[in-house]
Amino acid sequence: MTQRHNEPAIRAEGLTKSFGDKQALTGVDLEAAPGTVLGVLGPNGAGKTTTVRVLSTLLRADSGQAWVAGHDVHREPENVRRHLGLSGQYAAVDEKLTGRENLYLVARLYGMGRHAARRRAAQLLDSFNLQEAADRRSGTYSGGMRRRLDLAGALVARPAVVVLDEPTTGLDPRGRADTWASIQELVAAGTTVLLTTQYLEEADQLADTIAVIEGGRVIARGTAAQLKARVGGERLSLTVPEPHLRTPAAEILGALGPHVPVFDARTGRFTVTTDHGAESLEYALGCLRTASIAVRDVGLAPPTLDDVFLALTGRPQTAGEGAAVQPMEGVR
Ligand SMILES: Nc1ncnc2c1ncn2[C@@H]1O[C@H](COP(=O)(O)OP(=O)(O)O)[C@@H](O)[C@H]1O
Ligand SMILES: [Mg+2]
């Protein structure tokens with residue numbers, strides 16, 4: 001069945017799911033237009049995999065509805081599966097088989113003939129840059145190569161919608177960059193992608209729209225630019241080892257812009273959001289030098305998921321980890 005025009009490729013409304021007395025989903029609403037990438041951004045335990053399992057018909061929600069390519073996940077699971085490719089959080093490749101054999105097997109499972117299956121496997125090995133390793137047992141592959149093989153497996157049947165659950169978690173920077181390139185290629189081919197991630201940077205790179213999920217519900221949504229506007233620019237951080245110099249240091253950092261510096265009393269470290277990156281850094285260092293305030297471990301970094309949660313909810317994502325961070329009133 002072809003998709004009606006303008007209909008979202010993925011839609012979820014009020015999905016809830018409990019495991020015993022643990023509420024994994026408390027009302028998830030999502031929407032992705034055809035040909036776009038929806039990033040579902042959230043920390044461990046937020047409900048990402050549970051959402052993915054409901055959308056891919058592996059799990060039934062307690063309440064709420066969802067459609068993939070116009071098909072109801074609860075009432076037409078076969079139709080959903082026909083339009084959907086899934087790459088799970090843990091790469092599902094058979095280690096005893098070569099890369100080529102893995103893809104051939106998947107193609108045969110989808111009902112392709114031998115010749116077509118062989119050709120599809122070769123095509124995918126090519127586009128995921130696995131030609132050289134194609135005839136080696138996949139058990140010998142690096143994490144990045146496995147993820148790419150798993151991704152290729154999700155695309156064998158040319159699904160209109162692809163769901164990728166944390167495609168780069170656990171990969172080194174090289175593996176992550178390769179995987180991003182592969183995802184960008186499939187997006188260029190017109191596929192709709194739902195991608196879960198714990199990395200703001202990844203959602204920023206790949207997603208057209210982002211849904212931030214926490215405690216089993218979406219707490220914010222928008223484009224990467226809209227989200228960044230709420231979260232602010234880069235984080236300037238530095239340590240002031242001398243306790244008596246921390247109050248004047250706080251004043252200097254606080255005067256950089258509208259953002260209030262955050263101080264970690266345990267480490268003597270300041271962090272402040274800056275909308276002017278390196279320029280603010282240079283200016284701050286100049287002021288600190290003039291005031292004879294020695295600093296250590298100066299850094300400038302893009303916002304992290306922690307920063308997103310702090311900006312959106314006014315608190316860090318996990319109470320335990322952020323407990324040492326005090327607002328400025330703590331500096332004395
Ligand atoms: N099969 C299950 N049985 C019990 N609890 C589960 C099960 N699956 C997930 N959970 C719980 O539901 C919450 C959401 O989990 P999950 O969707 O896996 O989060 P994420 O993928 O964002 O890390 C977590 O608290 C998790 O422990
Ligand atoms: Mg998960």
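Predicted model: local features only at pLDDT ≥ 70, side-chain atom pairs only at ≥ 80, totals over all residues.
Trainee: What makes strand E1 (residues 10–19) and strand E4 (residues 63–68) a pair?

Mentor: Strands pair if DSSP finds at least two bridges between them, and E1 and E4 are joined by 5 bridges, so they count as an antiparallel pair. Within this pairing, glutamate 13 stands opposite glutamine 65 in E4. Residues are numbered from 1 along each chain as its sequence is written, and chains are lettered from A and ligands numbered from 1 in the order in which they are written.

Trainee: Why is strand E5 (residues 71–72) called a strand, and how many bridges join E4 to E5?

Mentor: Strands are DSSP runs of E with at least two residues, numbered from the N terminus, and E5 covers residues 71–72, so the run qualifies. E4 and E5 run antiparallel and are joined by 2 bridges, with aspartate 72 as the bridge partner of tryptophan 67. Their hairpin has 2 residues between the strands, and alanine 69 there takes a positive phi near 50 degrees.

Trainee: How many bridges does the pairing of E9 and E10 have?

Mentor: E9 and E10 pair over 5 bridges in the antiparallel sense, and isoleucine 210 stands opposite glycine 222 in E10. In their hairpin, which also has 2 residues between the strands, glycine 215 takes a positive phi near 60 degrees.

Trainee: What makes domain 1 and domain 2 neighbours in contact?

Mentor: The bounds, 10–228 for domain 1 and 232–330 for domain 2, come from an automatic or database domain assignment. Contact means heavy atoms within 4.5 Å, and by that rule 11 residues of domain 1 meet 10 residues of domain 2. The two bury about 860 Å² between them, 72% of it on carbon and sulfur atoms, where buried area is the accessible area (1.4 Å probe) lost on putting two parts together, summed over both.

Trainee: How many salt bridges does the rule find across this interface?

Mentor: A salt bridge needs a side-chain nitrogen of Lys or Arg within 4 Å of a carboxyl oxygen of Asp or Glu, and the rule finds 0 across the interface of domain 1 and domain 2.

Trainee: Which elements give two or more residues to the domain 1 side?

Mentor: Those elements are strand E9 (209–214) and strand E10 (217–222), and E9 gives the most, with 3 residues.

Key: Heavy atoms only, no water. Helix = DSSP H or I, 4+ residues; strand = E, 2+ residues; numbered from the N terminus.
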